[in-house]
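Student: I would like to go through this model and ask what stands behind each label. Please set the values against the criteria.

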Amino acid sequence: MPHVVTQPCCADASCVLACPVNCIHPAPGEPGFGTAEMVFIDPAECVDCGACITACPVGAIKPDDKLELSERRFIDLNAGYFVANPHPDRTPLALVEPHSPEPLRLRVAVVGAGPAGLYAADELLKHPGVTVDVYDRLLTPHGLVRAGVAPDHQHTKLIQNLFRSIEEENGFSYRLGVEVGRDITHVELTAAYHAVVYAVGAATDRALGIPGDDLDGSVSATEFVAWYNGHPDQGGRTFDLSHERAVVIGNGNVALDVARILAQDVSHLEKTDISDAALVALREEKITEVVVLGRRGPAEAAFTLPELIGLASVDDIDVVVEGPPVEVTSDKTALLAELQSRPRRPGARRIVFRFHSGPTEIVGDEAGRVVRLETASGPIDTQLVIRAIGYRAHPVADLPFDDERAVIPNEAGRVAPGTYVTGWIKRGPNGFIGTNKTDSEETVASLIADAGAGLLPEPTSQPTAPGSLDRDAWLRIDAAERAAGATSGRPRVKFLETEALRAAGQPSTRVARRRIRPTDVRNSH
Ligand SMILES: Cc1cc2nc3c(=O)[nH]c(=O)nc-3n(C[C@H](O)[C@H](O)[C@H](O)COP(=O)(O)OP(=O)(O)OC[C@H]3O[C@@H](n4cnc5c(N)ncnc54)[C@H](O)[C@@H]3O)c2cc1C
Ligand SMILES: NC(=O)c1ccc[n+]([C@@H]2O[C@H](COP(=O)([O-])OP(=O)(O)OC[C@H]3O[C@@H](n4cnc5c(N)ncnc54)[C@H](OP(=O)(O)O)[C@@H]3O)[C@@H](O)[C@H]2O)c1
Ligand code: SF4
Ligand code: SF4
């Protein structure tokens, strides 16, 4: 009964360290770690101790006799990795970096409380004498785990339990609701800390650069995802879901998320932390077909196999693959070919993959509303075009910026001694949640090396962040959101408005909850 890694795996390698027989790979330091879509358990070596199940923050590991039917494909996927990558001479794990014997007495600011920022804080706090203040422009932390990961992927959001344990470490503090570049400058931060680590992610989207991109009904996945996940930047936003067909441009995992959210029955979302506004809109939507456009072929699709397996198992969606028979060159194209041969069910909602269909023009009516998309494979009538063609970072005031790659130029995370980067602002908008852990380890290693070399001058001022929310305030908000969700069987109901969040963050939670419930929970039933 070997254990099996399944879809929610975000490649953070927590299980690798827990396994007593080193049978989970690729492990940190091995070829493929950091780019692999997930990790795999060697069925020939696993001794079924279950230690990895406890270690996994997202519940991705199961004994093979506990798999759902739709998950059984992962048995072959795990075993297949070891056929392709036998690694007969795997070295034993030696993952714990030697830490400085003497306390370092460093005060570090981390800007951005997403996965990269929190992994950086965790890594820094392994060094005695280091304290970390984590800033975020929002009043809530966890970056794209809260505001990007799809609400029907609640298993993945369990990574927040790991973030909670980082937040509880000695020396950790939050300064939430402080935007660096607006409320405090880089210069002020560098004066108040020995070092500043930027983990600000990639908040905006790439442009299509075709005529009609700016018409009413042409939107970015960045906005749409933020809306259904209750990001305050999209509060009050509406999307027209009253037509039968939507088009999603792009073949990445975000495109799959958006297509799945639009196509599946809303009952799958009722018990999630989706925003109330999106739940109401999706209950009333008329969309029955979502066309997912790839500018290249099936073999080049950027979405990952675990995500395609997950999509193929959503029981109320027909996944249709148009075009000539898919040439099977990988497990992913094999599944696409299998989907191509599945019978369609009359009346079922559809996600239609159309490859070799780069968009050329979005056409509007006299009122400036989208009516058609022209593509390399012909026109598609639609009133909603969502581009899911990748995220893009903003420059950070007073820091250099590589406009072409949309990253802050760095060497192993070092911008200059005292200033560092990690996550999407460091390497670009790619990789899984766990990828940011390895990335942050590299950055912190650079920072600690600079400290050891005496390159980090003593701070000349005390950090100040008036009006910011601290860790206890976040814990109260978290508890209040969960309590609001519990009344309707949901993991949480997100509070979107500043006033509601600040009220929930106040020490008197009984008063705070009474004040926020009428406005925030009203639409959830
Ligand atoms: C839609 C979507 C779904 C995803 N789903 C998954 C998934 O299911 N599984 C998976 O493994 N990976 C998933 N990913 C990838 C994963 O979310 C990213 O790898 C990860 O979030 C990147 O981490 P980050 O910390 O660099 O950026 P972010 O998560 O974006 O965090 C950046 C933080 O910085 C803050 N910030 C920005 N500017 C400032 C400023 N000036 N001052 C203060 N704070 C600031 C932001 O508010 C934010 O909290 C998904 C990505 C997207 C876009
Ligand atoms: N569940 C998960 O694990 C999960 C969920 C969501 C996101 N993520 C991760 O988050 C990262 C970002 O995901 P993403 O989907 O935003 O980006 P992505 O993986 O880079 O995919 C972008 C897609 O857009 C296409 N594209 C780019 N420019 C285009 C254009 N002008 N016209 C048409 N198509 C265009 C790309 O095609 P080309 O290949 O032809 O350039 C590609 O298919 C990825 O690493 C992803 O794996 C993970
Ligand atoms: S069950 Fe035990 S032996 Fe098997 S992969 Fe998990 S930790 Fe390793
Ligand atoms: S999410 Fe992390 S702990 Fe869980 S299976 Fe994947 S690598 Fe292992």
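Student: Which residues come nearest to ligand 1, and how many are around it?

Tutor: The model is predicted. In it, 31 residues are around ligand 1, and Ala 116, Asp 136, Leu 144, Trp 424 and Ile 433 come nearest. A residue is counted if one of its heavy atoms lies within 4 Å of the ligand.

Student: What makes the pair formed by ligand 1 and Ile 433 a polar contact?

Tutor: The cut-off is a pair of N or O atoms within 3.5 Å. An oxygen atom of ligand 1 is 2.8 Å from a polar backbone atom of Ile 433, so the pair qualifies as a polar contact. For a polar backbone atom of Gly 431 the distance from an oxygen atom of the ligand is 3.3 Å, and for one of Pro 115 it is 3.5 Å. As for cover, ligand 1 taken alone exposes 1000 Å², of which the protein buries 90%.

Student: Which helices each supply at least two residues of the shell around ligand 1?

Tutor: Helix 4 (115–124), helix 5 (143–147) and helix 10 (253–263) do. By class, the shell around ligand 1 has 18 nonpolar, nine polar and four charged residues.

Student: Which helix gives the most to the shell around ligand 2?

Tutor: Helix 10, with three residues. In total 23 residues surround ligand 2, and the closest are Asn 251, Asn 253, Arg 295, Arg 296 and Gly 431. By class they are 11 nonpolar, seven polar and five charged.

Student: What surrounds ligand 3?

Tutor: 14 residues, the closest being Cys 19, Cys 46, Cys 49, Gly 50 and Cys 52. The shell divides into 11 nonpolar, two polar and one charged. Cys counts as nonpolar and Gly as polar in this scheme.

Student: Why are helix 10 and helix 12 called roughly parallel?

Tutor: Their axes come within 10 Å and cross at roughly 15 degrees. Angles under 35 degrees count as roughly parallel, and helix 10 and helix 12 are therefore roughly parallel to each other. Their crossing is left-handed.

Student: How do you know that helix 3 is roughly antiparallel to helix 12?

Tutor: The axes of helix 3 and helix 12 come within 11 Å and cross at roughly 170 degrees. The angle is over 145 degrees, which makes helix 3 roughly antiparallel to helix 12. Helix 3 passes helix 12 in a right-handed crossing.

Student: What is the phi of Arg 105, and where does the residue lie?

Tutor: Phi of Arg 105 is near 50 degrees, a positive value in a residue other than glycine. Most residues other than glycine have a negative phi. Arg 105 lies in the loop between helix 3 (73–84) and strand 5 (106–111).

Student: Is the peptide bond from His 25 to Pro 26 cis or trans?

Tutor: The bond is cis, with omega near -5 degrees. Most peptide bonds are trans. Pro 26 is found in the loop between strand 2 (24–25) and strand 3 (40–41).

Notes: Residues are numbered from 1 along each chain as its sequence is written. Chains are lettered from A and ligands numbered from 1 in the order in which they are written. This is a predicted model: local features need pLDDT of at least 70, side-chain atom pairs count only at pLDDT 80 or more; totals for chains, interfaces and linings use all residues. Side-chain values use heavy atoms; hydrogens and water are left out. A polar contact is a pair of N or O atoms within 3.5 Å; within protein, one must be able to donate a hydrogen and the other to accept it, and residues adjacent in sequence count only if both atoms are side-chain atoms. Accessible areas come from the Shrake-Rupley method with a 1.4 Å probe; for residues, only the protein chains shown count as cover. Helices (H or I, at least four residues) and strands (E, at least two) are DSSP runs, numbered from the N terminus. Axes are lines fitted to C-alpha atoms, for helices over the stretch in contact, and angles run from 0 to 180 degrees between N-to-C directions. Angles under 35 degrees count as roughly parallel, over 145 as roughly antiparallel, 65 to 115 as roughly perpendicular and the rest as oblique. A crossing is left-handed if the near helix is turned anticlockwise from the far one by less than a right angle, and right-handed if clockwise.
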